[in-house]
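Please look through the model below with its secondary structure in view.

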Amino acid sequence: MILPFSMPEPSLIKTNGIELEVFQLGQGGTPIVLCHGWPELAYSWRYQIPALVKAGYHCIVPNQRGYGNSSKPNDVNSYDIIHLTNDQNGLLDALGIEKAIYVGHDWGSIMLWQHALINPKRIIGMANMSVPYSKRRPIDPIEFWESKLGEEHYIVHFNRQPNKAAISFEKNTKKVLTNIYRSNHWLKNNIDKFNDYSIIKSAEIDNKKGELILNEYDLNVFVNTFEKNGFIAPCNWYRNFSRNWKIMSNYREDFSMPCLMIYGKYDSVPKKNMDKIISNLETHTLDCGHWIQQEQPEKVNQILLNWLEKKIKAVL
């Protein structure tokens, strides 16, 4: 069992023309940057930080651009992959660090796969959860998803009807996050339940599948932060899929660093065989849904620490 953990006091660090709210612990150890996804916070890594610090790592955990008390530029293009990855470069520069280990979940993973292609010299090794690397498609990803999943799929909707869902989320933040932060939807007592829920309707309709993964205290950490800061800036990450697709045409798909991939067996994000793309890859699948490091913290920590010991210490 992992004991409750209080996040360290954050600081605002200037990077790439903005400020990131950054939580640090274990200064002097090997730097490891933990990158959250949507709609998450640095707090999503509360179970990993103590274990990593105990093992000798300097945990650097930002609330990403658009989240928490970090800057929230109004320009949608300010959330493209160049801005996001340069935030990471500037963060290391501000801390006097040449390169670091990176760990990502959800959008943190998407960003880090691209970061590895754009800025490979800043990365010692990379561990991602939920979202695997996808080879660049010949057509715009939003067009592709719209043709396959329809206009009401949340990623398509965020792009075709900008801010509509994000504004609706702000009307009932607790309901939205209670609907999204769920798991065990695959269990027998949940499979047959009728559910007309969709992400874009999170403020209106109850998600009847599964159960909330957060206790009341943890839920309130997320709710209070998103009530204060809203969802428009975080959703802007999604609105750059097409722009990022164009940008990444300039970069060769080549991963030179050791990589770790952790899937949730019941995560709705499709799994991929990346062995032909990433030569130095270790893959694990845990018995959980999408919120992998929060659902299975002890197993994630064990996998992460073992991988760091086997693959990363050898290249330090």
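Strands (E, at least two residues) and helices (H or I, at least four) are DSSP runs, numbered from the N terminus. This is a predicted model, in which local features need pLDDT of at least 70 and side-chain atom pairs count only at pLDDT 80 or more, while totals for chains, interfaces and linings use all residues. Residues are numbered from 1 along each chain as its sequence is written, and side-chain values use heavy atoms, with hydrogens and water left out.

Glu21 lies in strand 2 (residues 18-25) and, at 8% relative accessibility, counts as buried (under 20% relative accessible area, with a 1.4 Å probe and protein chains only). Leaving aside neighbours within four places in sequence, the residues in contact with Glu21 include Pro10, Val61 and Asn69, where contact means heavy atoms within 4.5 Å.

Eight strands form an open sheet of mixed pairing in the order 1-2-4-3-5-6-9-10, two strands being paired if DSSP finds at least two bridges between them. Its edge strands, each pairing on one side only, are strand 1 (11-15) and strand 10 (281-286). Strand 6 (residues 123-129) and strand 9 (residues 259-264) run parallel and are joined by four bridges, and Met126 has Cys259 as its bridge partner in strand 9.

Helix 2 (residues 81-94) packs against helix 3 (residues 107-118) at an angle of about 75°, with the axes 10 Å apart; axes are lines fitted to C-alpha atoms, for helices over the stretch in contact, and angles run from 0 to 180 degrees between N-to-C directions. The two helices are therefore roughly perpendicular, a term covering 65 to 115 degrees.

Note on methods: Angles under 35 degrees count as roughly parallel, over 145 as roughly antiparallel, 65 to 115 as roughly perpendicular and the rest as oblique. Buried means under 20% relative accessible area, exposed over 50%, partly exposed in between (1.4 Å probe, protein chains only).
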